Amino acid sequence: MAAEHSEHATYWRERGACLRVDPELFFPPGSGTLTHVQIDDAKAVCRRCPVLEQCLGWAMEFGPVEGVWGGTTESERRLMRGRAVQGPGGTATRAA
Ligand code: SF4
């Protein structure tokens, strides 16, 4: 059932390490040195998170989403999506 699948698909969020810190940490404003420090601090939380893989998978699948998810920023995930589309060696892949 779609509702059950959806519930199951986001159950990992209840185990996120970010539930124990200020949520604003994961949504750094603008750019600059302080923003980079905040991003690094958010990524440090993600690195010790037991559901990092599920979180990153969700952000990659449902993106673009703002903020740090799964230890990555949206710009990093955008690059990862681009690489996934291009395939190894930077060549574009096509669906068969
Ligand atoms: S990986 Fe980071 S953003 Fe995702 S649930 Fe864990 S702590 Fe939160």
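**Note on the core, the ligand site and one loop**

1. The largest nonpolar core has 16 residues. W12, F26, W58, V68 and W69 have the most contacts inside it. Two elements give two or more residues to this core: helix 2 (33-47) and helix 3 (52-62). Helix 2 supplies the largest share, 4 residues. Keep in mind that this is a predicted model.

2. In general, nonpolar side chains tend to be buried together in soluble globular proteins.

3. Take V68 next. Beyond its neighbours within four places in sequence, V68 is in contact with F26, I39, A42, K43, C46, T73 and R77. F26 is also listed among the core residues with the most contacts.

4. V68 also belongs to the ligand's surroundings.

5. Now the loop between helix 3 and helix 4 (74-86), where P64 lies. The peptide bond from G63 to P64 is cis, with omega near 10°.

6. V65 lies in that loop too, between helix 3 and helix 4. Is V65 buried or exposed? V65 counts as buried, because its relative accessibility is 14% and the cut-off for buried is under 20%. Not counting residues up to four places away in sequence, V65 touches W58, A59, E74 and R77. The C-alpha atoms of V65 and S75 are separated by 9.8 Å, and the two residues are 10 apart along the chain.

Note on methods
Residues are numbered from 1 along each chain as its sequence is written. This is a predicted model: local features need pLDDT of at least 70, side-chain atom pairs count only at pLDDT 80 or more; totals for chains, interfaces and linings use all residues. Side-chain values use heavy atoms; hydrogens and water are left out. A residue is near a molecule or strand if one of its heavy atoms lies within 4 Å of it. A nonpolar core is a set of buried Ala, Val, Leu, Ile, Met, Phe, Trp, Tyr and Cys residues joined through side-chain atoms within 4.5 Å. Buried means under 20% relative accessible area, exposed over 50%, partly exposed in between (1.4 Å probe, protein chains only). Contact means heavy atoms within 4.5 Å.
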